[in-house]
Amino acid sequence: MFEITENGSEKARVLVVDDQAGILRMLKVIFEASGFEVEVAQDGEEALQKVQDFAPDLVVLDVMMPGMSGIDVCRHLRSQPETAHIPIMMLSAKGQVPDKVLGFEAGADDYVTKPVARQELVARAKALLHRARFSPQSAVVRPTAQIIAVVGAKGGVGTTTIAINLAALLAADGKVVTLAEMRTTPGTAAFHLNMTPRQDLGHILQLPPEKLNWREVNRRLVKHSSGIRLLAAPQSHDAPDMPPEYATAITEALALRCDYLFVDLPTIAGESARSILETVDQILLITEPEVLSVRAARAKLDILKEWLLFDQTRVVVLARAPSAMMLKREEIEASLGVVPEDQTGISPLQTPAEGGGRVVGAIPPSPEAFQAASRTGIPVVIGKPDLLASQAIRDLKKWLVEQVALPTTSLP
């Protein structure tokens, strides 16, 4: 946790929201002089975006603002699992009892009437932070997410496409879903979603080990309109390496306060990849239905067997373009070394996939739709739900939810 210090180390973060520029400047000076790190916003919409980008420890919120009022902002923050815990101080010229009641009913932790003395304002802020730090709820961490790793048999098989569309479906179900590109080379998830993150994995890798906590990692997430929270791969080529201990710490931090975490891995070679995969509940190995890709998938399965991770690995076949040379499911499983299911007398197409290496999803080709989705930033399953490819991904999502069911305990 943070501690307010004179030298500015580990400063508590305060987001100040007010539609009057003069008041914003004054409050920023007051809080910075008292040892806080301060960010400002001039309206409700900007405030919600700053909460995502800045991950404040405290929000100081003006009540009367054009458009989205402070009451509306407060209600929104309280309604979202990832922001419901943030202390909120209402700051308003409206000081009648009904006004204060409205603020508290919206979820405010304190209600301060303007004008207020500097010493009182800072004291109230520190009191809120102190209570948040030591309250019983502050010690409660949401159960770890169900973690699904999506890895490619080789480059260019559609790993990110599958991860994005599965994540979008779960987010549409009301789940808190995070997608992380755990690679030190530039990724494509941000391009798929038409996003330009200002923070990414590269910024996290520059942190010292003791800073690898949920708060620091969460600051680097950006939220897509579909509900997906994205940790993008480095957007430049000068990102530092990712040691295994960093890979594990980042994955564990990402898995807090969300329901599902999708880890997009470009390869399964190396100790960092292994350290991540050893934390996951399910591994989806993506391959195309052609000979070279399936051979590459077989090599990856051999590595996973050595790492004792074969049993939680399943194969998803993504046909990126129509071809008369596409392999059938039973041919793929035979090439992967999986005993054909029809030896049991049941059709392979009707038998549930059991055991490592089984094919659990086959996505038919729809190249134009996937290319259009990348241009619009809307995942195919959301923008074109009637496509056969979208239906196949929905079937895969249904299977996945059944395999990695969430705990029955309610999440705070």
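In the classification applied here, Ala, Val, Leu, Ile, Met, Phe, Trp, Tyr, Cys and Pro count as nonpolar, Asp, Glu, Lys and Arg as charged, and the others, Gly among them, as polar. On that basis, the lining of the second largest pocket has 7 nonpolar, 12 polar and 4 charged residues. The structure is a predicted model. This briefing covers the pocket, the backbone, the aromatic contacts and the salt bridges.

**Second largest pocket**

- The volume of the second largest pocket is about 390 Å³.
- Its lining comprises 23 residues, of which Val157, Gly158, Thr161, His192 and Arg320 are the closest to the centre.
- At least two lining residues come from each of helix H6 (159-172), strand S10 (260-265) and helix H14 (367-376).
- Helix H14 gives the most to this lining, with 4 residues.

**Backbone features**

- A cis peptide bond, with omega near -5°, links Lys114 to Pro115. Pro115 is placed in the loop between strand S5 (110-113) and helix H5 (118-134).
- Ala55, a residue other than glycine, has a positive phi near 50°. Ala55 belongs to the loop between helix H2 (44-54) and strand S3 (58-62), and its relative accessible area of 9% makes it buried.
- Asn194 likewise has a positive phi, of about 55°, although it is not a glycine. Asn194 is found in the loop between helix H7 (189-192) and helix H8 (201-205), where it counts as partly exposed at 46% relative accessibility.

**Aromatic and charge-over-ring contacts**

- The count of aromatic pairs comes to 2.
- Phe31 and Phe36 form an edge-to-face pair, because their planes stand at 90°, with the ring centres 5.4 Å apart. Phe31 is buried, with a relative accessible area of 0%, and Phe36 is buried at 1%.
- Phe104 and Tyr111 form a tilted pair, since their planes are at 50°; the ring centres are 6.4 Å apart. Phe104 is partly exposed, with a relative accessible area of 39%, whereas Tyr111 counts as buried at 6%.
- The charged end of Arg13 sits over the ring of Phe54, 6.0 Å from the ring centre.
- The charged end of Lys305 sits over the ring of Phe310, at 4.8 Å from the ring centre.

**Salt bridges**

- The whole structure contains 20 salt bridges.
- Glu32 and Lys28 are joined by a salt bridge with an N to O distance of 2.9 Å. Both residues lie in helix H1 (residues 21-33), 4 residues apart, which is about one turn of the helix. Glu32 is partly exposed at 37% relative accessibility, and Lys28 is partly exposed at 28%.
- Lys154 and Glu288 form a salt bridge in which the closest N and O atoms are 3.6 Å apart. Lys154 lies in the loop between strand S6 (146-152) and helix H6, and Glu288 in the loop between strand S11 (282-287) and helix H12 (291-306), so this pair ties together parts that are 134 residues apart in sequence. Lys154 counts as partly exposed at 31% relative accessibility, whereas Glu288 counts as buried at 15%.
- Glu333 forms a salt bridge with Arg329, with the closest N and O atoms 3.8 Å apart. Both belong to helix H13 (residues 329-335) and are 4 residues apart, about one turn of the helix. Glu333 is buried, with a relative accessible area of 2%, and Arg329 counts as buried at 18%.

Notes. Residues numbered from 1 in each chain as written. Predicted model: local features only at pLDDT ≥ 70, side-chain atom pairs only at ≥ 80, totals over all residues. Heavy atoms only, no water. Buried < 20%, exposed > 50% of the residue type's maximum accessible area, 1.4 Å probe, protein only. 1 Å grid on protein atoms, 1.4 Å probe; cavity = no way out; pocket = protein on both sides within 12 Å on 5 of 7 lines; lining within 4 Å. Points joined across faces, edges and corners; volume = space filled by probe spheres on them. Phe/Tyr/Trp six-rings, centres within 6.5 Å; stacked < 30°, edge-to-face > 60°. Lys NZ or Arg CZ within 6 Å of the ring centre and 35° of its normal. Salt bridge = Lys/Arg side-chain N within 4 Å of Asp/Glu carboxyl O.
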